[in-house]
Amino acid sequence: MAPLFSPSVHSQRHQYVLDYVTRNKPKKVADLGCCDCSLLRKLKFHREIEFLCGVDLDGATMRKKMRDLAPIPADYLQPAATPLAVELYVGSVLWRDARLRGFDLMTSLELIEHLHLEDVAPFTRVLFGFMAPAAVIVSTPNADFNPLFPRMPGFRDPDHKFEWTRAEFQSWALAAAAQYGYEAEFTGVGQAEPHLHLQVGFCTQIAVFQRRPAGGGGRRSGGRRGGAALRRPAGGAALRRPAGGGGAPAAGGGEETFSYTLLYSVSYPSLRDHNVLRGCLVSEVLYWAHKLCGRRRLEDRDRDRDRDRGRGSPAGRTEREMWPTEEYGEGEEEEEEEEGLQVGEDVKRTNGGQLESYRQGRCVCVPLDRVWSCCRRLRELSGSLDRLRLFIADDPLVTLSPDGFAVVLDAEEEEEEEEEEEDARSVEASCLHVKNEEEEENWEDHRDSPSPAATLCS
């Protein structure tokens, strides 16, 4: 019986890369042979990555799926702290292109077996000698595993030019690592039954290459994934870099070759962009200013209702505390006995001493420090109240008082919006009431009508 995998081996390969990215947090990642961009679509959600690149010779397939790499609405509503740029190129992995140098991680999943054997050496030179990323993940089918697939003629895919055994794959990987200054470790995904695993290995074999530091120091640990430990081949002492060997090209060295064709490029919004950051701050300030203003209107309405019923203001709060306005404090000499506050500026404060909303003519003024203290995201993004004020001062969507003390809202617009919301709620309640009455009438008619069984008996 053919071995079944859940999740699929295809998904397990992608998950291996995603786990590696989570552990090592590379900033620049390229997928060679990206095809339908399925791995890139998963990697874009790892926001530690700042640059994603895909390369494939099949531009038509990439073109069908490339729009899936574009930002979604949530990326604009909640921009990430770091930028993300995505680029897709049409070209062969045998070609040199300077834009593919300097990456932290390159992946080549199920690609090498689609090359002719005579092209493997040029691919190795381009990947490790020219592109020279800090880390490489290469996967390919394991020919030792193929006998577990019954009635499989030849290779697993008609386009495969060869399929390596574990010994052949490790021989290629170790030779490439020794020549270009990398260390190679081996693992895989798609495990056979325990009693067969030692005999056939993984369905997909994986080599993880880490470029050795220039000084020949220690290496990063490969870690574990899903119980499959990275391991050295038998007899595997640490590989030594040969004298005069390869490794990353010297800075500025090599020709500036641009052989790929750019197919798609997109940049995601991020908080490092001054305009994006200001837009987020403005949205938060307006949201919380309107919210605080709405709270105050509700308190004011409760106060008026309780006063009409002859019970005074709710919770014993005075009228000036419920809705302080500029008319209080001008020409008034009395003091608030309960709170011991002087009328005037102090009357615009809460019991805790924080400034509250107040009216100024036809406008409502919401103190900016009150908004700032209510929203943790505002505090995190702006850092300080003065910096927040500086960011939003010139934005056309926000009106600040002349002294920059408060956000100024149009009271009439606020009341009109509230009336529209109340009308909408009234209409909804009316429709619900009518619906309930109709349901009751239908139930009465159904209850009064004789049942079919009673009709037959009669």
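**Entry 1: the largest pocket**

I looked up the largest pocket and found about 560 Å³ of space in it. The model is predicted, so I noted the limits: local features need pLDDT of at least 70, side-chain atom pairs count only at pLDDT 80 or more, and totals for chains, interfaces and linings use all residues. Residues are numbered from 1 along each chain as its sequence is written, and side-chain values use heavy atoms, with hydrogens and water left out.

I wrote down what a pocket is: on a 1 Å grid over the protein atoms alone, it is an open set of points where a 1.4 Å probe fits, with protein on both sides within 12 Å along at least five of seven lines. Its volume is the space filled by probe spheres set on the points, which are joined across faces, edges and corners.

The largest pocket has 24 lining residues (a lining residue has an atom within 4 Å of a point). Closest to the centre I found Gly-33, Cys-35, Asp-56, Glu-110 and Leu-111. Two or more residues of the lining come from each of α1 (9-24), β1 (28-32) and α2 (38-43). I took helices as DSSP runs of H or I with at least four residues, and strands as runs of E with at least two, numbered from the N terminus. With three residues, α1 gives the most to this lining.

I then sorted the lining by type: 10 nonpolar, seven polar and seven charged. Here Ala, Val, Leu, Ile, Met, Phe, Trp, Tyr, Cys and Pro count as nonpolar, Asp, Glu, Lys and Arg as charged, and the others, Gly among them, as polar.

**Entry 2: the chain as a whole**

I counted 14 helices and 15 strands in the protein chain. Of its 458 residues, 42% are buried (under 20% relative accessible area; exposed is over 50%, partly exposed in between, with a 1.4 Å probe and protein chains only). Among contacts with a separation of 6 or more, 72% join residues 24 or more positions apart. A contact means heavy atoms within 4.5 Å.

**Entry 3: cysteines**

How many disulfides does the structure hold? I found zero, taking a disulfide as a pair of cysteine sulfur atoms within 2.5 Å. Cys-37 is buried, at 0% relative accessibility. For Cys-374, the closest cysteine sulfur is in Cys-375, 8.5 Å away and too far for a bond. Cys-374 is partly exposed, at 23%.

**Entry 4: backbone**

Most residues other than glycine have a negative phi, and most peptide bonds are trans. I looked for exceptions. Ser-6 and Pro-7 are joined by a cis peptide bond, with omega about 0°. Pro-7 sits in the segment before α1. Lys-25, not a glycine, has a positive phi of about 50°, and I placed Lys-25 in the loop between α1 and β1. Glu-110 also is not a glycine, and its phi is positive, about 55°. Glu-110 lies in the loop between β4 (105-109) and α5 (117-131). Is Glu-110 buried or exposed? Glu-110 is buried, with a relative accessible area of 16%.

**Entry 5: Gly-190**

Gly-190 is in strand β6 (residues 182-191). Gly-190 is buried, at 1% relative accessible area. Beyond neighbours within four places in sequence, I listed its contacts: Phe-5, Val-9, Gln-12, Phe-145, Phe-202 and Cys-203.
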